[in-house]
Amino acid sequence: LLLGMLGRFDEAWALAGSAEERLREFGHGPEASLRLAEIAALAGDEERATAPYRGWCELLESAGRRAALSHSAPILGRLLCAVGRHDDAEPLAETGRELGDPTDVTTQVSWRQAMALVSAARGRHAEADGLARDAVRIAETTDYLKTQADAYSDLAQVLEASGRHDEAITAWRRATMVAATSGA
């Protein structure tokens, strides 16, 4: 994952692929592909990332791992938004909202991000703006730079969808600055 954050995708794929094979040998199914999905998302191939994340979420749900599902489902929702599948993303954002512990910062950020993207795609711009700004506000309380960069990126998309181009550019710049700091 760290190699992917550095943009060294060939090396990242090779290491993660080898690790996936070993994990599968030891009986780890869907979670074995999770790192490959994260690398795919970093590389901008959200479509490739969706299937492993869906498998992971199904595993979490069947195992009753509600806390992990509350975080992972909205991440899958964001990936689905990136490929235009907003109808599929909305229930995943809702899963995060319903299951998430109010003190779980990453879950509170991720469900708001996914729902903001869904709302923006449906023309509910005020709702999308509020959710995206809440996600940024919560993300800024952490030292998770990738989470902060993603939240600013989603805010920029929401602003762009509502025609607020100058504000979107400012949010994109902030996302880029934070991402550069994190190495993502």
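## Salt bridges and a helix pair: worked exercises

R78, K146, D150 and D154 are linked in a network of salt bridges. The model is predicted.

**Exercise 1.** Find which helices the salt bridge between R78 and D150 ties together.

*Solution.* Start with the contact. The side chains of R78 and D150 meet in a salt bridge, at 3.8 Å from N to O. Next, place the residues. R78 lies in helix α5 (residues 66–82) and D150 in helix α9 (residues 145–161), so the pair ties together parts 72 residues apart in sequence.

**Exercise 2.** Locate the partners R122 and D87, and state how exposed each one is.

*Solution.* The closest N and O atoms of this salt bridge are 2.7 Å apart. R122 sits in the loop between α7 and α8, D87 in helix α6 (residues 86–99), so parts 35 residues apart in sequence are tied together. Now check accessibility. R122 is partly exposed, at 34%. D87 is exposed, at 58%.

**Exercise 3.** Decide whether E38 is buried or exposed, then do likewise for R35.

*Solution.* E38 has a relative accessible area of 18%. Buried means under 20%, so E38 is buried. R35, at 45%, counts as partly exposed. The two form a salt bridge, with closest N and O atoms 2.5 Å apart. Both lie in helix α3 (residues 34–42), three residues apart, about one turn of the helix.

**Exercise 4.** Describe how α7 packs with α8.

*Solution.* Take the angle: about 155°, with the axes 8 Å apart. That makes α7 roughly antiparallel to α8. Their crossing is left-handed. W111 and M115 of α7 are among the contact residues, as are L131 and I138 of α8. By class, the contact has 12 nonpolar, four polar and three charged residues.

How values were computed. Residues numbered from 1 in each chain as written. Predicted model: local features only at pLDDT ≥ 70, side-chain atom pairs only at ≥ 80, totals over all residues. Heavy atoms only, no water. Axes fitted to C-alpha atoms, helices over the stretch in contact; angles between N-to-C directions. Helix = DSSP H or I, 4+ residues; strand = E, 2+ residues; numbered from the N terminus. Parallel < 35°, antiparallel > 145°, perpendicular 65-115°, else oblique. Left-handed = near helix turned anticlockwise from the far one by under 90°. Contact = heavy atoms within 4.5 Å. Nonpolar A, V, L, I, M, F, W, Y, C, P; charged D, E, K, R; others polar. Salt bridge = Lys/Arg side-chain N within 4 Å of Asp/Glu carboxyl O. Buried < 20%, exposed > 50% of the residue type's maximum accessible area, 1.4 Å probe, protein only.
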